[in-house]
Amino acid sequence: EVRTLLRHTGWVYSVQYSPSGGHLLSGSDDNTAVLWEADTGAPVVTFVGHTDWITSVAFSPCGKIVATASWDCLARTWALDGSPLAELRGHAEHVFCVAFTGDGAVGLTGSWDR
């Protein structure tokens, strides 16, 4: 089944299924990420806090934390209710990708600044 998910007002750059398969996470150049119900396509929560495009999203292996990477030179982690957990600073350029290690203990980012 093909479904169009409507919430973002810009291009979507990243989408990922949760480890359980019950949710989707999307990141957009509207500076937001959205958590969706996979079965219905209904938006659950919008993650707001970045000041530039979100280029990558990731679920932790346990599925209880999400991460976002942005052109604002930051990566952020969030609880599933949309509350911010951490702001990961240190890049001098756009952050293009974010991921977790298999055990979820470490977050990884990639940037133009190498």
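The model is a predicted one. Histidine 8 has a relative accessibility of 17%, so it counts as buried; the cut-off for buried is under 20%.

Two polar contacts involve the histidine 8 side chain. One goes to the side chain of serine 26, at 2.7 Å. Another goes to the side chain of threonine 32, at 3.3 Å. Leaving out residues up to four places away in sequence, histidine 8 touches Ser26, Gly27, Ser28, Asp30, Thr32, Ala33, Val34 and Trp36. Threonine 46 is 38 residues from histidine 8 along the chain, and the two C-alpha atoms are separated by 9.4 Å.

## Serine 14 in strand S1

Serine 14 is part of strand S1. Its relative accessible area is 13%, which means that serine 14 is buried. The serine 14 side chain reaches a backbone atom, the nitrogen of valine 57, at 3.1 Å.

Neighbours within four places in sequence aside, serine 14 is in contact with Leu25, Ser26, Gly27, Thr55, Ser56 and Val57.

## The loop from S2 to S3

Asparagine 31 lies in the loop between strand S2 (23-28) and strand S3 (32-37). Its phi is near 75°, a positive value in a residue that is not glycine. With a relative accessible area of 22%, asparagine 31 is partly exposed.

## An open sheet: S5 to S8

Four strands make up an open sheet. Their order is S5-S6-S7-S8, and they pair in the antiparallel sense. Strand S5 (54-59) and S8 are the edge strands; each has a single partner, so one side of each has no neighbour in the sheet. On average, neighbouring strands of this sheet are turned by 20° against each other, direction ignored. Valine 57, whose backbone nitrogen is reached by the serine 14 side chain, falls within the range of S5 (54-59).

How many bridges join S7 and S8? There are four, and the pairing is antiparallel. Strands of a sheet pair through backbone hydrogen bonds. Tryptophan 78 stands opposite proline 84, a residue of S8.

## Salt bridges

The whole structure holds two salt bridges. In one, the side chains of glutamate 87 and arginine 76 meet, with 2.9 Å from N to O. Glutamate 87 belongs to strand S8 (residues 84-88) and arginine 76 to strand S7 (residues 75-79), so the pair ties together parts that are eleven residues apart in sequence. In the other, the side chain of glutamate 87 meets that of arginine 89, with 2.6 Å from N to O.

Glutamate 87 is partly exposed, with 33%. Arginine 89 counts as exposed, at 64% relative accessibility.

## Aromatic pairs

The count of aromatic pairs comes to six. One of them joins tryptophan 71 and phenylalanine 96. A pair of aromatic rings is described by the distance of the centres and the angle of the planes. Here the ring centres are 6.0 Å apart and the planes stand at 70°, so the pair is edge-to-face; planes over 60 degrees apart fall in that class.

Tryptophan 71 is in the loop between strand S6 (65-70) and S7, while phenylalanine 96 is in strand S9 (residues 95-100), so this pair ties together parts that are 25 residues apart in sequence. Both residues are partly exposed: tryptophan 71 at 23% relative accessibility, and phenylalanine 96 with a relative accessible area of 27%. Ring pairs also build a cluster that links Tyr13, Trp53, Trp71, Phe96 and Trp112.

## The loop from S6 to S7

Cysteine 73 is found in the loop between S6 and S7. Tryptophan 71, of the edge-to-face pair, lies in the loop between these strands too. The phi of cysteine 73 is near 75°, a positive value in a residue other than glycine. Asparagine 31 likewise has a phi near 75°.

Key: Residues numbered from 1 in each chain as written. Predicted model: local features only at pLDDT ≥ 70, side-chain atom pairs only at ≥ 80, totals over all residues. Heavy atoms only, no water. Buried < 20%, exposed > 50% of the residue type's maximum accessible area, 1.4 Å probe, protein only. Contact = heavy atoms within 4.5 Å. Polar contact = N/O pair within 3.5 Å; in protein donor to acceptor, adjacent residues only side chain to side chain. Helix = DSSP H or I, 4+ residues; strand = E, 2+ residues; numbered from the N terminus. Salt bridge = Lys/Arg side-chain N within 4 Å of Asp/Glu carboxyl O. Phe/Tyr/Trp six-rings, centres within 6.5 Å; stacked < 30°, edge-to-face > 60°. Pairing = 2+ DSSP bridges. Axes fitted to C-alpha atoms, helices over the stretch in contact; angles between N-to-C directions.
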